[in-house]
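I opened the coordinates with my notebook beside me and noted down what I looked up, entry by entry.

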Number of protein chains: 2
Amino acid sequence: MKIAIAQMRVLSANCKENFETIKKNIEHAREQNACLIVFPEMSLPGYFNGDIWEQTSFLKDCEFYNKKISELSKGIDIIFGSIGIDWKKKNEDGRVRKYNAVFHAQNGKLKNNKKAKYPFWIKALMPNYKEFDDSRHFFDLRKLALERDCKEIDLYEPISVKLENKNIKVGVTICEDGWSQDYKFSPFYTFSHYYKHDFFVNLSCSPFEVRKQEKRQSVFYNECKKNNIPIFYVNCVGIQNVGKTIYGFDGSSSFYNPNGEIINLCGFFKEKLSIIDYDYEKKFINNNDQFKRLNSLSHAEEMQISIEYIIKKCLEEWNIKRVVIGASGGIDSALSAVLFSRVLGSENVYLVNMPSKFNSILTINAAQKLAQNLKCPFASIGIEESINQSLDQLQTLHFEAANEQPKITQLVFENIQARDRGGRILAAVAQSLGAVFSCNANKTELTVGYSTLYGDQAGFLCPLADLWKHDVYNLAYFYNTHVFKKEIIPKESIDVVPSAELSLEHNVMENKGDPIIYSYHDYLFRSWIEQWERKTPEDCLIAYVNGTLENLIGCEKDLVRKLFPTAKDFIKDLERWWINFTGMGVFKRMQAPPLVAITSRAYGFDMREQVGRVYFSQAYLALKNKLLA
Amino acid sequence: MKIAIAQMRVLSANCKENFETIKKNIEHAREQNACLIVFPEMSLPGYFNGDIWEQTSFLKDCEFYNKKISELSKGIDIIFGSIGIDWKKKNEDGRVRKYNAVFHAQNGKLKNNKKAKYPFWIKALMPNYKEFDDSRHFFDLRKLALERDCKEIDLYEPISVKLENKNIKVGVTICEDGWSQDYKFSPFYTFSHYYKHDFFVNLSCSPFEVRKQEKRQSVFYNECKKNNIPIFYVNCVGIQNVGKTIYGFDGSSSFYNPNGEIINLCGFFKEKLSIIDYDYEKKFINNNDQFKRLNSLSHAEEMQISIEYIIKKCLEEWNIKRVVIGASGGIDSALSAVLFSRVLGSENVYLVNMPSKFNSILTINAAQKLAQNLKCPFASIGIEESINQSLDQLQTLHFEAANEQPKITQLVFENIQARDRGGRILAAVAQSLGAVFSCNANKTELTVGYSTLYGDQAGFLCPLADLWKHDVYNLAYFYNTHVFKKEIIPKESIDVVPSAELSLEHNVMENKGDPIIYSYHDYLFRSWIEQWERKTPEDCLIAYVNGTLENLIGCEKDLVRKLFPTAKDFIKDLERWWINFTGMGVFKRMQAPPLVAITSRAYGFDMREQVGRVYFSQAYLALKNKLLA
């Protein structure tokens with residue numbers, strides 16, 4: 001019995017293109033005599049569609065194409081994810097009723113789910129955490145059960161597929177339905193308890209994050225084992241964004257066998273149609289030797305594959321063919337140049353070095369060497385003259401009828417340089433080349449707003465925005481050592497002290513650089529963001545007192561007391577960065593470019609922040625006062 | 001029987017300050033012999049707190065202050081909104097269980113809700129539309145009923161308050177509980193059906209929007225009348241932001257009497273503690289003549305009060321005392337200057353005119369006149385020299401090893417001017433004055449990205465971002481006519497054709513200006529955004545064909561055929577702006593500054609958009625093809 005698993009690329013809110021992909025996959029599956037093809041969740045309309053669900057014309061478009069898909073089901077059963085609409089009922093916001101649904105097409109028609117009295121099956125569990133906001137748009141099976149005064153199981157039946165003259169019962173779940181550990185209702189458990197199934201499908205639209213595949217496997221393996229049901233997990237590939245934050249979808253579609261085997265069917269970040277020879281008696285795949293096990297990837301390898309994939313698809317979807325990068329000679333811009341060169345070809349990545357009197361010959365040379373190593377177009381534009389012009393203008397500026405006149409402080413001077421490079425030069429150079437320019441800020445800098453708005457904070461995309469500084473180094477090392485197998489990113493860029501080079505205080509030749517101690521602050525900041533129960537100064541100060549801070553944040557042992565011998569030192573540093581993180585940092589992030597997400601928590605839509613709210617809890621303040629007394 | 005209604009200003013995620021405000025209100029109420037005081041929803045922790053709810057230390061902070069409030073209840077009963085935590089249970093995201101709750105403190109202690117077995121009452125209905133995302137953070141009464149296998153009513157009982165030796169039963173609802181028209185469960189109906197109440201309270205944290213008060217009154221009046229229950233509606237004031245979008249809270253706390261009277265208790269956008277002499281037998285307020293009816297405000301007046309209020313509170317909370325404005329002589333920057341002058345005092349609003357050879361003497365004079373009229377500090381900085389320097393640099397720039405060299409197109413030249421003004425001059429001037437600079441983009445421009453990133457799109461705040469161009473004119477007119485009662489905004493700025501003045505094509509002296517026809521596009525764009533079922537080119541083209549487009553979008557009659565005699569003209573214009581709106585416009589909005597929200601739909605968190613997704617439905621394309629065939 002041949003089943004086709006279509007790990008397709010789904011575009012957000014583009015029924016037309018997605019329909020074409022679906023159609024092609026159906027044709028290929030039919031050619032290979034598959035009798036059933038399964039597509040991912042929301043494979044027709046896309047999933048991260050924002051508020052496009054509010055457009056009646058978009059909903060009608062979905063219905064039009066749903067029907068077109070059903071017409072392709074002659075000789076092959078089709079199971080696909082799309083939006084189910086009930087025009088006569090309302091969502092709780094008063095808009096038309098919409099379900100995140102699975103459709104089954106057979107003999108040219110959509111089949112009815114007789115229990116739900118709809119031509120589709122309904123997602124029961126709605127994730128409302130992380131980047132998901134299903135409840136904003138979709139009515140769910142639990143709410144429908146309440147509305148109809150029945151139980152969820154009363155609205156469910158397996159999908160019936162006639163295969164080799166046998167009636168096969170396919171269990172239906174959608175993405176979150178499998179992640180039920182914190183819900184009262186478990187679809188896999190309940191559905192398999194009430195009905196006998198030959199196998200289950202789980203249609204997903206599940207974004208990638210580093211180490212996600214392990215989590216997924218453990219979750220679905222548990223459901224498979226516990227309920228003694230084989231599961232086909234069908235996920236999409238592609239990218240979809242929730243506004244500022246761009247997620248990749250890694251596919252990793254797999255078959256879970258109750259005996260404990262997990263067979264990867266379609267690979268990692270690959271569009272693929274796999275034809276499975278499934279033995280429903282043995283609950284197993286006959287030709288499984290053709291499917292390679294996914295090797296467990298290293299952290300750096302996962303980062304490399306996912307970031308390159310996401311950038312590549314961004315550039316494709318946004319129709320960008322050329323990128324300009326401000327190459328400072330430092331590690332961030334070097335890694336950025338490597339990433340774009342890999343994706344676009346180095347001839348399309350234009351490097352611009354923009355020295356002032358504060359830039360060392362070391363970094364200037366490193367930038368040039370990078371361009372040579374990568375074979376990128378290169379130019380140098382000095383900024384001394386232009387910043388002097390800006391300084392002159394400010395110095396001679398006089399406001400009529402004013403209490404104050406401009407004062408050029410050190411910070412004003414530094415920011416003028418940064419904005420001259422970003423907002424003036426790079427923006428103009430990029431546009432004059434029909435290109436865009438990248439923002440090379442990393443996650444550490446973004447966290448505390450260590451960047452200048454309209455300066456180095458500007459650009460069309462932040463490819464490194466979800467990498468801590470140590471991730472940047474690790475990935476740079478990985479490229480040189482494992483990808484290029486030679487020194488492409490210059491050793492100087494790796495060895496030089498990280499520095500903005502905006503004043504004599506940043507002189508890298510004297511080993512002066514950023515005020516951030518990355519070996520410590522990377523981990524401190526991460527605990528404020530990525531831990532599921534997020535840490536704050538209160539938790540950190542308590543841990544400092546108890547000597548357990550390294551353990552709490554995951555940095556190297558015995559580091560904290562070395563850096564901060566006294567509580568006073570520790571508190572001063574802690575408050576400085578907390579104020580930056582929750583104050584100016586948020587403000588700058590609001591105006592940051594879109595960013596590539598690869599961790600369990602990237603900035604943007606899944607990190608909902610307030611502008612202008614710096615707060616210390618009373619317990620923190622009490623402990624601080626005690627320590628400083 | 002004296003009841004105190006505390007229309008307090010609530011700060012987001014700031015228990016410490018909110019506690020101080022609550023404490024002060026309790027003291028004043030006690031001084032005036034009130035026996036009960038009622039505070040708004042989430043008055044202790046704040047409501048739009050983003051993901052701060054994930055910080056354990058913040059939750060502990062809330063509990064600490066909840067207890068401190070309860071200790072103030074000697075001699076006065078306190079009803080207040082805060083977060084209810086069950087440390088032993090989990091939300092569906094696996095984090096600790098949190099409820100949006102109402103607490104009742106009496107004799108120094110929190111009272112138990114014996115039915116729910118918690119020391120608080122639980123919000124039943126969770127809004128997941130607009131700017132709300134309650135389900136992301138809070139478990140609700142409906143889910144708790146499912147978990148405990150009971151009905152919602154089994155988890156509810158009225159609050160018992162001993163007043164004048166009588167046991168008064170107070171019904172408890174929270175905000176959305178009153179807006180139940182699209183939910184299956186109606187708290188007011190069910191609670192009042194099962195229990196006899198003396199009156200209800202509805203604790204709200206309900207953001208302002210133009211014409212919101214009418215909606216609120218109709219909703220609560222209906223509940224009051226239908227269920228024959230008096231309702232005290234208690235809302236907060238202040239501002240709270242959901243990241244980029246800043247909402248004002250107008251208070252408008254009111255008493256609803258079943259006989260049909262609505263008594264405004266605390267005013268519009270005012271912090272106020274009102275002491276009511278309530279006759280629970282007659283279900284009425286004895287001294288109601290002291291409470292003025294809220295006059296129905298004009299649209300312009302609502303805009304004026306709300307925008308000034310929101311700006312004022314932003315500047316206070318962000319500690320900003322001085323603002324720089326690029327004054328072009330046009331209407332947007334003029335209105336912006338007026339708004340900031342009203343809030344900060346004109347001596348703190350620095351106007352900078354930045355002419356190039358394309359700026360007319362008309363607008364240059366208008367900018368100067370505005371500064372004189374308002375008595376703002378003023379300076380002029382010509383940009384000819386600096387843009388020539390940028391052009392020189394670009395023209396002489398040569399990339400080594402490159403296929404392309406920079407080309408200076410008209411658009412490149414225009415954007416260089418805009419960025420010279422915004423990202424170079426204004427940013428430096430503002431910082432050198434210890435100030436910030438404003439972004440004067442209006443909603444029409446923001447919609448189609450008619451602005452330059454790091455140029456006129458830059459700034460710390462967009463005060464006009466929720467005003468269509470015609471609203472800008474109306475509000476400017478309102479200031480001159482009704483507020484100042486003289487010409488403060490120069491007539492020239494009102495009369496001149498709106499123009500960017502970035503080329504000879506924008507020459508205002510020849511009446512050349514923006515490509516946007518505001519009398520039509522304002523309304524077309526609005527239909528894409530603000531209508532509850534959002535319109536798209538499909539709806540607009542159908543309406544064009546049917547001759548009903550003016551009606552659909554609300555612009556003046558017979559305008560469309562005059563502007564676009566043929567379908568081809570109409571389609572060309574429609575597609576141009578739709579592509580800008582859904583393409584570059586989104587991209588620019590992602591990097592726009594925080595914005596002041598005053599309509600039912602502002603950009604930002606309540607307008608969830610995709611970067612890089614331009615789409616036309618198949619029905620649109622089919623109709624277009626038919627018309628153009």
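At what angle do helix α19 and helix α21 of chain A pack, and how far apart are their axes? I am working from a predicted model, and in it I find helix α19 (residues 567–582) packing against helix α21 (residues 618–628) at an angle of about 145°, with their axes 10 Å apart. I noted the crossing of α19(A) and α21(A) as left-handed. The contact draws on Ala567(A), Lys568(A), Ile571(A), Leu574(A) and Glu575(A) from α19(A), and on Tyr620(A), Lys624(A), Leu627(A) and Leu628(A) from α21(A).

Next I turned to helix α6 of chain B. Its 15 residues (212–226) should span 21 Å at 1.5 Å a residue, and I find the end C-alpha atoms 21 Å apart, which agrees. I listed Lys212(B), Gln213(B), Arg216(B), Val219(B), Phe220(B), Glu223(B) and Cys224(B) as the buried residues of α6(B). Looking down the axis of α6(B), I see these buried residues fall within an arc of 135°, so they line one face of the helix. Among the elements of chain B that cover them are α5 (187–194), β9 (199–203) and β12 (245–250). Just after α6(B), I noted that Asn228(B) has a positive phi of about 50°.

Last, I compared the two chains. Chain A superposes on chain B by a rotation of 180° with 0.0 Å of shift along its axis, at an RMSD of 0.0 Å, which is the relation of a two-fold axis. In chain A, Gln591(A) has the C-alpha nearest the axis, 2.0 Å from it. The same surface serves both copies, since 100% of the contact residues of chain A recur in chain B.

Methods
Residues numbered from 1 in each chain as written. Chains lettered and ligands numbered in written order. Predicted model: local features only at pLDDT ≥ 70, side-chain atom pairs only at ≥ 80, totals over all residues. Heavy atoms only, no water. Least-squares fit on C-alpha atoms with pLDDT ≥ 70 in both. Contact = heavy atoms within 4.5 Å. Helix = DSSP H or I, 4+ residues; strand = E, 2+ residues; numbered from the N terminus. Expected span 1.5 Å × (residues − 1). Buried < 20%, exposed > 50% of the residue type's maximum accessible area, 1.4 Å probe, protein only. Arc of directions from axis to C-beta. Axes fitted to C-alpha atoms, helices over the stretch in contact; angles between N-to-C directions. Left-handed = near helix turned anticlockwise from the far one by under 90°.
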